[in-house]
Amino acid sequence: MRVATDIGGTFTDLVYVDDQGVVGVAKSHTTPPNFEQGIIDVIKKSEIDQQTIETFIHGTTVIINALTERKGVKTGLITTQGFRDVLEIGRGNRPDLFNVRYKKPAPFVERYLRQEVEERLNQKGEIVVPLDQDRIKELVAYFKKEQVEALAVSYLHAYKNPEHEQQTVQLIKELWPEISVTASHEVTKEWREYERTNTAVLNSYVKPIASKYINKLDAKLLENKANSFNYIMQSNGGTTTFEQAKKTPINMVESGPVAGIYGAAYLGEIIGEKNVIAFDIGGTTAKCSLISNGEVKVSTDYYIEKDNLNAGYPIKSPVVDIVEIGNGGGSIAWIDEAGSLKVGPHSAGAVPGPVAYGQGGTEPTTTDANLLTGRLSPENFDYQVDMKRVEQTIDEKVARKFDMTAEEGALGIIRIANANMLNALKLISVRKGYDPRDFTLVAFGGGGSMHAPALAQELGVKKVVVPVASSVFSAWGMLMTDLRHDYIQTYINQLEKVALTELNAEWEKLESQSIEQYKEENINEENILFHRFLDMRYAGQEHTVKVPLKNGEITEQTVRETIELFHVMHEQSYTFKLVEAQTEIVNLHLTAFGHVQKPQLQKLETKGTDTAQALKETRNVYYETGGWIETKVYNRHLLSPDMVIQGPAVVEEPTATTVIYKGQTLTVDAYGNLVIEMEVKQDADY
């Protein structure tokens, strides 16, 4: 049996598949700060025998939470003489040049804990000044005195030659074996000393936290007599072992959300939809990513806490290109200083939760608004819902401020939340040169199916797919992923003039490295699949384009084809191409997949086309146009393939609700997915 679990801000999800291909799901409340207990709770709720678990895959928000909440450990930095202030200096490319409220990000390591050592490499990786090992000994004593719990080591040009970093780490471990240490070359071999140093620092900052969490989870699994191969989801969309995750926890910064993105790509391949917008609404956030021709985009240009006022903190770790906003079911509606209605980014979370939970929540949320407008049913809540209190809260906190009824206030909350989500969807589609009308929206998470049909109309999307087990789809996606490691090496060269023998040797070196790493993870070489990419630019540019490269020996013909492809991709990304300009390689990027057996989707039995058997009730639902409309409500579990439902309608399951609008048509496909089609707006205003 394969089991996947995903910890969210409000709920912990589980999906399992047994040897016969039978899929089961479970959902329970997240249990901060002891998140591992929530995992055990949801396993017990699923009623599976833990001793039958062969593969256990886990996604977690522990790392991103530790970073954003500043709950890491006291960290020290050792760097090249003259570069202790690189974290303070950062970059000059502030997000808004004329924003007088701009705030420079404060380093995670204070200046007195950033110490220098005499050593120097040039840009070719050649040693110019030897490492002063006596200085390392002095710094170890100093950091012990300061009660530092983790250390980061980042030397200039270590991405080219890690020798001095390796010597430093070895000496630190000899003198202070219990300290957590990260050398920059262990997490990234890309250039950019600021980004590389910050990544090493953040990895050290959360390393003890990650180790403690993973060890507690491992102990809980063993305590319950589980004897499984254990893996953790990484930000690049692949999985890795518990042990590797403890070494480079920064690779888990988006551990949970990306699984759903890969799940959407896998589902799209099965149902014949290569162009997909993956859209996930949970209790705290909404996340979206664009999949073009079946390819999930991965980038190392990732930042946390970046917005119009803050430059954020760069992390040079492979992360799926994903846009995340603070809008989910638990997002709080509030009035700003100017008297405007806002929704999010603050969330009621799992505790106390929305007002409807009756657990102490006092602020109106998106969930409360959907409940008051009839889109959600009180019967599907784990708690006894006090509808009068929900209505009273929305009336007092929102509606009266605008001289509205409570229902109009609730609809206002939904509209604001939808507007926020629509902007996120445009960021990953229209703003990047893609026409949403060419894509299918795959909606999942607890709130995805409730908001997606309305958003699809606004965006001009032709079709919405609500997958089976949509509320736990990120966990489902983990069952569909392979092990994955990314190897990125800065390699500055003009592609037209590069020595092919040398370039082929660099690729062989990266592939050999991946094979050795997979051997440690019990993956045979025949199960390893390589994908090559070049980060390329026109000579003199700053930005790059990631260009696919054929496997095997690189020839002159390969070079010509790659340059032609680069011109095409550059024009798509930046609206122009310079066919006469020289092209330049910046990075070699090898993605190595360790193939694992995946469960097969089971087609469902057709039980006729009459939807009457699935009809639960008829109730009033408050829509954006038309107000209160008598709406048929269907039980999703009683729907079968080939059934057709005309909107307006509502389809319910215990942990998710799908709202279908007038003019939309829902069909059930062979696998049980809900497919919603609509008239596409040909004149969508972008």
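Guide: Gladly! This is a predicted model. Let us begin with a group of rings: Tyr 266, Phe 444, Phe 473 and Trp 476 are joined into a cluster by ring pairs.

Visitor: How many aromatic pairs does the structure hold?

Guide: There are 12 aromatic pairs. A pair of aromatic rings is described by two things, the distance of the centres and the angle of the planes. Take Phe 108 and Tyr 313: their ring centres are 4.9 Å apart and their planes stand at 80°, which is over 60 degrees, so this pair is edge-to-face.

Visitor: Where in the chain do Phe 108 and Tyr 313 lie?

Guide: Phe 108 is in the loop between helix H3 (86–89) and strand E6 (114–117), while Tyr 313 belongs to strand E18 (residues 313–315). The two are 205 residues apart, so the pair links distant parts of the chain.

Visitor: Is Phe 108 buried or exposed?

Guide: Buried means under 20% relative accessible area. Phe 108 has 13% relative accessibility, so Phe 108 counts as buried. Tyr 313, at 6%, is buried too.

Visitor: What kind of pair do Tyr 623 and Tyr 661 form?

Guide: Theirs is an edge-to-face pair, with 5.4 Å from centre to centre and 75° between the planes. Tyr 623 is in strand E29 (residues 615–623) and Tyr 661 is in the loop between strand E33 (656–660) and strand E34 (665–668), so the pair ties together parts that are 38 residues apart in sequence. Tyr 623 is buried, at 2% relative accessible area, and Tyr 661 is buried at 8%.

Visitor: Which charged end sits over the ring of Tyr 623?

Guide: That of Arg 375, 5.8 Å from the ring centre. In another case, the charged end of Arg 192 sits over the ring of Trp 191, 4.3 Å from the centre of that ring.

Visitor: Now for helices. At roughly what angle do the axes of H4 and H5 cross?

Guide: Helix H4 (residues 133–145) and helix H5 (residues 163–175) have axes that cross at roughly 50° and come within 10 Å. That angle makes H4 oblique to H5. Their crossing is right-handed.

Visitor: Which residues in H4 meet residues in H5?

Guide: On the H4 side, look for Gln 133, Ile 136, Lys 137, Val 140 and Lys 144. They meet Gln 167, Thr 168, Leu 171, Ile 172 and Leu 175 in H5.

Key:
Residues numbered from 1 in each chain as written. Predicted model: local features only at pLDDT ≥ 70, side-chain atom pairs only at ≥ 80, totals over all residues. Heavy atoms only, no water. Phe/Tyr/Trp six-rings, centres within 6.5 Å; stacked < 30°, edge-to-face > 60°. Helix = DSSP H or I, 4+ residues; strand = E, 2+ residues; numbered from the N terminus. Buried < 20%, exposed > 50% of the residue type's maximum accessible area, 1.4 Å probe, protein only. Lys NZ or Arg CZ within 6 Å of the ring centre and 35° of its normal. Axes fitted to C-alpha atoms, helices over the stretch in contact; angles between N-to-C directions. Parallel < 35°, antiparallel > 145°, perpendicular 65-115°, else oblique. Left-handed = near helix turned anticlockwise from the far one by under 90°. Contact = heavy atoms within 4.5 Å.
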